[in-house]
Structures are given as structure tokens and as C-alpha cells.
Amino acid sequence: MSTACKKLVNTVERCVDECLEGLVAVNPGLRLVEGHRVVVRADIEDAIASGKVSLISGGGSGHEPAHAGFVGKGMLSGSVAGAVFTSPPPQSILACLRAVAKKNAGGTVVIIKNYTGDRINFGLAVERAKHEGYKCDMVVVGEDCALKSSDKTAGRRGLCGTILIEKICGALAEEGRTLEDIARIAKDAVTKMGTIGLSLSPCTIPGAGASFTLGADEIELGLGIHGEAGVKRTKLVTANEAVRMMIDHMTDPNNNSRLQVKTGDKVACMINNLGGTSVLELNIIAREAILLLGRYHYVNLSGTSVLELNIIVREAILLLGRYHYVNLGGTSVLELNIIAREAILLLGRYHYVNVGGTSVLELNIIVREAILLLGRYHYVNLGGTSVLELNIIAREAILLLESRGVAVERVYCGSFTTSLEMAGVSITLLHLDDTLRNCLDAETNAPGWVRPYLPSGQRTRTTPQKMVTEDSHNIAKQQTVTDTVSADMKQQLYNMVKTAAEQLIASEEQLNGLDKESGDGDCGSTMARGAQDILSELKSKDNPLPVGNPAELAKRLGNIAEVSMGGSSGGLYSLFFTTVAGELQKEISPSAWSSALAAGVTTIRKYGGADPGDRTMLDALYPASEELSSCLKAKKSPIESFKSAVQKCEEGAKSTATMKARAGRSSYVSQDRLKNPDPGAMAVTIWLSAVLDILSK
Ligand SMILES: Nc1ncnc2c1ncn2[C@@H]1O[C@H](COP(=O)(O)OP(=O)(O)O)[C@@H](O)[C@H]1O
Ligand SMILES: O=C(CO)COP(=O)(O)O
Ligand SMILES: [Mg+2]
Ligand SMILES: [Mn+2]
């Protein structure tokens, strides 16, 4: 493991699987679906039998506790995880849909964040599920308020607001509302929501270095949750100024992605730890947000100036803050003002002249009521070590202790006593007897106590059970495929596939480096993951890639892209090869290869919504395809035509360096920070040149 990435994991490849195993080990209410990174409620059969609508969500990992941590009664029925920052493959999404739905009458709402990879992969799975007779609808959350301009982009990114949508949908499903109702309310709620991020340090993908660099005295506003660049860098400011900057940006009338907030509006405010913020800072930010937003909420009660009112509100909050934070949203302004007024008048005794004669008993009751009402909107702190690592450590601790014959009856995993934002963990063991166990199990409302999710009636942790479904064993069916090309060409195709895959694997770091500038730093790993599987299937004894039959070969390549890659590239290549396979069924000739390439490019444009010139892989593929076709039409030899096409491909890929991005993740990055070519376009030049190398031999 490289020292550029100091993390408590075992292997990069298995870190997401082990994180999920740890989560399930600690939470007996959850089950992992064997063969997939899919977590479902342990009581899923009962939930399905109830006929209530089921909910699933998912996306790339690295956002823990999202989404597996929100699986449970009243929230999600299941979740699908991809590799870190990589949308999961459609096959796993389908496995999750089947596991939570079983064609129940209620149907399934699929909640995703607005990323190209997630839209394509979840979109593919939902279409397949509909074909199979499942009833489902997709809610896409895009609530990022970072982007000010109205230029074409991949749309607003989905951020932490997704969790609020999951909670809202979960409550509606539990109430027995219909799929149509839930989807409608959720889609409407998405339009009433905004999120803005602020970062003090980059994140590190396991196995890779920091996603970007930030000066010791710098902060960045409006960045994504995958280390994508933000909209503005500034010098470090105070918490007060930081919150003002965030909320002002979010509500700026000149901001095209703004959320309008005005006096009298009622809001829920979620303050989310991006992973390594200390609880000390988090609470300060909560206080600042409340003070600032309070300006929108409080109307004048009795001729007092707004200035005085705000001072009084601030004092009241400060005083009340000792008991708990008060969120000023979520209940009617009328009730809020009455409670605030009462609290202010009563608390005034400490600061001002006493105006009322209410007893301390009543005062405390009002404070308690306010907290109960408002407390629902309070946030959970996630702590300093990533949740991904925490779950892995939990799994390791349980495995080790159990291997030594120790019964691990209770496991708690979360942030309990932090050392500011120190990236580290501690492990505590306590010998249990009945008294101590009962004490630990006793209910508490203390906000810091993280209780594992147990279905009702269950008190003990059980060894994590994996659930086996019909999707657990995805063995590609062995088929006898007849060769449609000569033995020479078969050998050549074998060499092309092998060299292209090897070249992609060798370029993993280079492509990840390019994706760190323009995206989330995983493009090389995604391509390499697919290439590894291509190599092992190429050399497989039982079911090798059918290199003698181009149509079947393309179909299998599409399947590998679909099963093992994930991300935008996985989805788009899977669509590409599936289309190419269809075209190659007709005939095998230079012009047939050329039309197949053109048809594949058209499919990428259709599903990805990007055009040539938008700074994507299309800027390499499209000119290559056009050149190939026109050279062949001009009766150039196939080899010369292909050479010329690869040259256009390389020029096209290079030219992306100066292009404005209008699709995918790079569309959020300001142009002055995009200096290198697009990683997806470079990946195309790598495999296409490898093919040319073999062809020219
Ligand atoms: N809508 C799109 N159409 C075509 N290509 C796209 C699109 N969006 C992204 N890409 C390509 O995908 C590449 C990134 O791939 P990958 O890292 O797998 O995606 P992500 O991490 O954003 O899901 C980009 O460099 C770009 O070439
Ligand atoms: O983390 C992700 C979204 O949840 C990853 O999405 P992409 O596949 O588009 O990178
Ligand atoms: Mg990604
Ligand atoms: Mn990427």
C-alpha cells in the first residue's frame, strides 16, 4: 500500500466488501446479498409481504454511512454500493431490485444522486427490471447550489440532501403511500432543497494519493463529494464567515442553482460532516448556521427593532444551546415565534430585567418541547476516521476475537470520544454480565450514543448472515460459439484484445491522474478493472472470450463492462459494445466494422447526452469513426484508413485539453483549471492504438 494513502484497509480491491461485511456484522438488522455489494433489511421478507413500497438507493462508495447505513425500517429497503467513487454495475443494482421487490404490488422507488454513471447504470437496471415485470420509478436528486452559471453541464450534483429524500420516502412508504405518491412528493422535495459544501482538506481514495491539493491556509467552496473541484478558493476564514459565505452563495439571486430562502420560510437544516471535521467545529458551524438563518425566521413581535430582536434571539440560542442545539426550521413560524418569545421572556431573567413570573419548571418544559419538536432535524456526526475504515476495523475486531473463542455480544461502531479530527481508532473491550448487558441495552435519548440497528424484538448480535439470491452466482453461461472469421484473423483479434487490455492496465495511474484534475480520480482504475477481467476471460480455460466471432466477442466485452467496471465508463462502454455486437451480426468486413463503430458512438451520444466537443471520450471516438468511414469510402486500404482514424483519434483526444467541458464531472470544473486532456478520451486512444499496433504487424 502506497504511503501517499495512509488508511486502515486490508486491500484496495476488497475494502468496500469488507466495510459492508463490518457494517452487517455490527448491525443484525442488515443482510448482505451474496455475490454483490448489496445490503438489504434482515426482515425484508416481512417488509415485502406487507405490500408497502420498497426503496433502494446506492452509488459509489466512500460516502459512508450513505447508503447502506440508511437501510432499515422507515428508510431504505436496500442499497447498492460500487467501488469507491464509482457507480455500481447494473447487474448488482438489478440484484438489489429483485431482492427487495420480488414483484410486490407496491413497487420500488429508486433514489439516486445525479451523476452520469449512476444515471446510466441505475437507468439500465430499472429498464431491465420493468421488462421483467417489476414496477419501479426513479427519483434523481440534484441539489448542489455550487454552480452559478447557466452553461450546459451534467446537471446539479446530488449531495447530502439525498439522505433527507431517503428519510421522507421511507416515512411515506411506511405509512402505506403509493409509488406514484412517494415519487411525486420526493421529486417535488428535490426542487425545494439546496446544498453547498466547503472543504479544508482533500480526500484520499484508498490506494491513491490526495484527490487535489489545498494550501495550508486555503479553503474551497462548492466542491463535490468525490474530490471534484469547487467554484471558489479563498484564504481560511472564521466559522462565522464560512457559514455566511456558504449560505450567501446558496441563496445568491445571481446564482443559477440557488435556493430561495426568505423571512418566514420554514426549513430543515442538515449539517453534514464530510468525514474528517472535528465535532467541536461541527457544533460551531451548527450554531453559526442557526444564528444566520434566524434572521430569515424571526419577524418582529412587538415593535422591537430587528437588530435588538436578533441580539435577543442570539442570546436565547446561546443559552438554550447549553441544553441542545435548536434548529429553527421544521415547525410553523407561528409556533416557533411563540416558543421563542416565551423562551426569550423567561430566559430574560438572567440577562435582562425579569418580565415574567413563569416558574423554572414551566421554562424547562418549554425548552424540552422546543428541543423535541426541533430535535428531529438534528444531525448525526460521523467522526474523524472515515466510516469506511471504521466498519473494516469493526469486522476485523469481531473476526479476531471470535477466532479466539470470545463471544462478542455487543458491538458499537461510531464516534464516541474523538481527538479532534485525528484519523485513528481505539478499541475498548468490557467483560459483560447480565447487569452490564442490560445497562448497555437500556434506551437512551443521548444524541451521542450510536445504537446498532436491530429489528424489533431482536436483542443480540448474530453472526452476519449473507443472503443467497438467484443473482448471487453470475456465471456466464457456457456456449458453443462458431467462428465467423479466419484462423489468422482470430489470432489477430486475440492479440488486439490482449494488447489493448494490457495497455489500459499499464495506464491506470496516468488516467487516474487526469481524472483527478477533471473528475474524481478513478477513470484509470475503472478501465483497468474491466481490462483485468477481459484478460482473465481471454485466458480462461472453461469459457474463453470467443475471439473467432466478433459479434459474440463484442457481446462478452459489453457484459464485462457491465458486470465489473461501474462508473460512467462502465455504463457507456457496456452500451457501446452491446450496439457494436448487434451491428457485427450482419457481416464482417471493413465497412461493417466502420458502421459498427459509428453505431456504438451514436448509442453513447443517445444515453450520455453529450455531443462531440463537450470534452468526453466522444472527442476521440467520433473523429476516429468519421475518418474511418470517409477513408473507406474514398477506397483507401483498410489499414491506411484505420491508421488515419487513429491519428484523428489522438488529435481529438489532445484537443480536449483546451475544450470547455459540458458533460460528466468535468462540467463542474472551471475552465482555467482544466489544463490536460480528458481521461476518457485518452483511454480511447490507448486501446485504439493498441489495436492498430497489432493490425500493422
Ligand atoms: N455523458 C458522457 N458521454 C460520453 N462520455 C462521458 C460522459 N460523461 C463522462 N464521460 C467520459 O467518462 C470519463 C470518466 O469516466 P469515469 O471516471 O468512469 O466516470 P465517473 O467517475 O465520472 O463516473 C470522462 O473522462 C469522459 O470521457
Ligand atoms: O459516487 C458516485 C455517485 O454516488 C459515483 O458516480 P460515478 O460512477 O458517476 O463516478
Ligand atoms: Mg467515479
Ligand atoms: Mn471518474
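In the predicted model, Ser199 stands opposite Glu220 in strand S8. Strands (DSSP E runs of at least two residues) and helices (DSSP H or I runs of at least four) are numbered from the N terminus. S7 and S8, the latter covering residues 218-221, pair in the antiparallel sense over two bridges; pairing requires that DSSP find at least two bridges between two strands. The order S7-S8-S9 describes an open sheet of three strands with antiparallel pairing. Because S7 (198-199) and S9 (232-235) stand at the edges with a single partner strand each, one side of each lacks a neighbour in the sheet.

Twelve of the 16 residues are buried, so H17 is largely enclosed by the rest of the structure. A buried residue has 20 or more other C-beta atoms within 10 Å of its own, with C-beta atoms placed from the backbone. Among the buried residues of H17 are Pro550, Arg556 and Met565. The buried residues of H17 pack against helices H3 (90-101), H14 (487-506), H16 (523-538) and H18 (567-584). Just after H17, Gly566 takes a positive phi of about 75 degrees.

The chain contains 22 helices and ten strands, and 47% of its 697 residues are buried.

Residues are numbered from 1 along each chain as its sequence is written, and chains are lettered from A and ligands numbered from 1 in the order in which they are written. As this is a predicted model, local features need pLDDT of at least 70 and side-chain atom pairs count only at pLDDT 80 or more, whereas totals for chains, interfaces and linings use all residues.

Notes. Two residues are in contact if their C-beta atoms, placed from the backbone, lie within 7 Å.
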